[in-house]
Protein chains: 2
Amino acid sequence: MNKKTDLRILRTKQSIRKAFYELVQEKGYEAITVQDIADRAMINRNTFYLHYQNKPDLLDTCMNELLSDLKDAIVLCPISMNPFSISLLETVMQTVLEHISLNMTFYRSMLIEENRIYQFQAKMEKIINDKLVEGWQPAQENSPLAVSKELLIEYLGSAFMGIVIWWVKNDKPLPVDEVSSQFSRIVAYGHLRAAGIAVEEEN
Amino acid sequence: MNKKTDLRILRTKQSIRKAFYELVQEKGYEAITVQDIADRAMINRNTFYLHYQNKPDLLDTCMNELLSDLKDAIVLCPISMNPFSISLLETVMQTVLEHISLNMTFYRSMLIEENRIYQFQAKMEKIINDKLVEGWQPAQENSPLAVSKELLIEYLGSAFMGIVIWWVKNDKPLPVDEVSSQFSRIVAYGHLRAAGIAVEEEN
DNA sequence: TAAATAAACAACGTGATGTTCATTATTTGT
DNA sequence: ACAAATAATGAACATCACGTTGTTTATTTA
């Protein structure tokens with residue numbers, strides 16, 4: 001029974017987080033001062049420094065907290081072994097978009113506009129990339145079209161995040177399954193066939 | 001002969017730019033103070049405010065100056081009409097990578113690490129996307145795999161930038177032509193064939 | 001060479017940061 | 001229920017960078 005944290009600490013921390021989330025959405029991270037947070041949380045400015053080193057520290061804590069939810073959701077996605085990642089990509093995309101839907105206002109303030117926090121995007125992309133690496137399957141080496149694994153992972157991760165951000169920015173212009181399916185089809189079969197343009201085969 | 005700008009202005013502006021570029025590479029944009037710039041440029045801090053509103057204003061001016069070079073280079077790339085953008089993508093990628101090679105240290109400090117300036121990336125991506133839209137060709141509408149144009153443009157732009165940044169970050173792990181060719185092949189034919197994995201055809 | 005103007009110099013008010021310290025209030029464990 | 005522990009408050013302080021306002025000096029232009 002030794003390790004029970006003081007109730008005051010829990011209360012204070014919680015109200016700081018809540019105030020911070022609200023303020024980020026209202027005026028954007030950069031414009032926030034520690035005093036703003038203290039006012040909103042109805043605590044003394046000093047008390048803030050009792051719990052967080054500074055504003056970036058608080059931001060980091062909050063981002064990690066929320067992204068760990070996303071990570072947990074993604075980790076559960078099954079890895080399809082052959083062909084690599086077509087259904088994996090589709091499943092992960094669905095999972096991500098659904099998770100975002102549940103926390104839309106927050107994701108918006110993190111990913112969109114000039115107030116956006118690019119660190120968040122970077123952290124998110126890392127989560128995606130890790131999952132892609134996990135689901136990687138070596139190619140036949142003697143294929144004439146073989147490409148570098150690193151290049152391909154980077155390609156997939158960036159394209160993935162691009163679509164996600166586009167989807168958030170445009171307020172869900174397409175349903176989740178539609179985006180997931182279109183995305184995985186472009187990735188798999190190439191944009192020529194995906195876009196309905198005839199492909200002449202190479203020899 | 002009325003509109004000749006004072007030599008002092010030209011001198012001062014030039015030394016401010018030079019100092020700024022150096023400092024950005026040395027300690028990163030955020031860590032720089034106006035006083036730093038003034039010291040390095042050997043001018044009074046006041047003089048800085050005679051030419052730029054503030055630090056972000058200077059940053060913006062510098063970014064636009066350097067990206068306009070890139071833009072000019074890209075604009076010259078021919079648009080291949082059919083099939084859409086395969087060779088366009090390859091050509092643009094080559095152009096971009098070559099341009100970056102010529103200004104590597106600067107691009108590094110803009111695109112890589114924690115000191116990176118994400119605004120720059122966004123501006124760059126916009127240039128790419130504009131070119132892609134310009135080279136766009138409508139698909140056959142009744143194709144079973146048809147995807148949204150907006151989604152596809154976003155897809156291409158993000159993937160493009162992802163590869164570029166990956167290439168800069170890893171210090172040119174592959175030659176320019178190799179990257180360009182691999183990238184355009186993934187985009188065109190899909191990552192399955194590009195990675196050398198067998199593709200079973202859809203019905 | 002005189003008028004125009006850019007740059008330097010000095011000073012000021014502002015606002016946010018992070019820290020210190022004494023005091024008050026609350027919680028915990030016995 | 002109470003004493004000890006500790007969290008939160010409030011006030012103060014030094015620091016730093018910002019952006020602005022004058023006045024004076026130096027340079028450039030015509």
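**Entry 1: DNA strand D**

I began with the 22 residues around DNA strand D, and the ones that come nearest are A:Thr12, A:Asn46, A:Thr47, B:Arg11 and B:Asn46. Of the atoms of DNA strand D that come within 4 Å of the protein, 61% are accounted for by sugar and phosphate. Here a residue is near a strand if one of its heavy atoms lies within 4 Å of it.

A note on ground rules: this is a predicted model, where local features need pLDDT of at least 70, side-chain atom pairs count only at pLDDT 80 or more, and totals for chains, interfaces and linings use all residues. Residues are numbered from 1 along each chain as its sequence is written, chains are lettered from A and ligands numbered from 1 in the order in which they are written, and side-chain values use heavy atoms, with hydrogens and water left out.

Next I looked up polar contacts (pairs of N or O atoms within 3.5 Å). A polar backbone atom of A:Asn44 sits 2.9 Å from a phosphate oxygen of DNA strand D. B:Asn46 goes to a base instead: a polar atom of its side chain is 2.6 Å from a base oxygen of DNA strand D. Two or more residues each come from helix 1 (7-27) and helix 3 (45-51) of chain A, and from helix 1 (7-27), helix 2 (34-41) and helix 3 (45-51) of chain B. Helices here are DSSP runs (H or I, at least four residues), numbered from the N terminus.

I also sorted the surface near DNA strand D by class: 7 nonpolar, 9 polar and 6 charged residues. Ala, Val, Leu, Ile, Met, Phe, Trp, Tyr, Cys and Pro count as nonpolar, Asp, Glu, Lys and Arg as charged, and the others, Gly among them, as polar.

**Entry 2: DNA strand C**

Which residues come nearest to DNA strand C? Of 22 around it, they are A:Arg11, A:Asn46, B:Thr12, B:Asn46 and B:Thr47. A:Arg8 has a polar side-chain atom 2.8 Å from a base oxygen of DNA strand C, and the side chain of A:Asn46 has an N or O atom 2.6 Å from a base oxygen. From chain B, a polar side-chain atom of B:Asn46 is 2.5 Å from a base nitrogen of DNA strand C. Helix 1 and helix 3 of chain A and helix 1 and helix 3 of chain B each give two or more residues to this surface. By class I noted 7 nonpolar, 8 polar and 7 charged residues.

**Entry 3: helix 8 against helix 8**

Then I turned to helix 8 (residues 149-169) of chain A and helix 8 (residues 149-169) of chain B, whose axes come within 7 Å and cross at roughly 135°. The two are therefore oblique to each other. Among the residues that meet are A:Tyr155, A:Gly162 and A:Trp166 on one side and B:Tyr155, B:Gly162 and B:Trp166 on the other.

**Entry 4: helices 6 and 7 of chain B**

Last, helix 6 (residues 104-111) and helix 7 (residues 118-134) of chain B pack at about 110°, with their axes 7 Å apart. They are therefore roughly perpendicular to each other.

How values were computed:
Polar contact = N/O pair within 3.5 Å; in protein donor to acceptor, adjacent residues only side chain to side chain. Axes fitted to C-alpha atoms, helices over the stretch in contact; angles between N-to-C directions. Parallel < 35°, antiparallel > 145°, perpendicular 65-115°, else oblique. Contact = heavy atoms within 4.5 Å.
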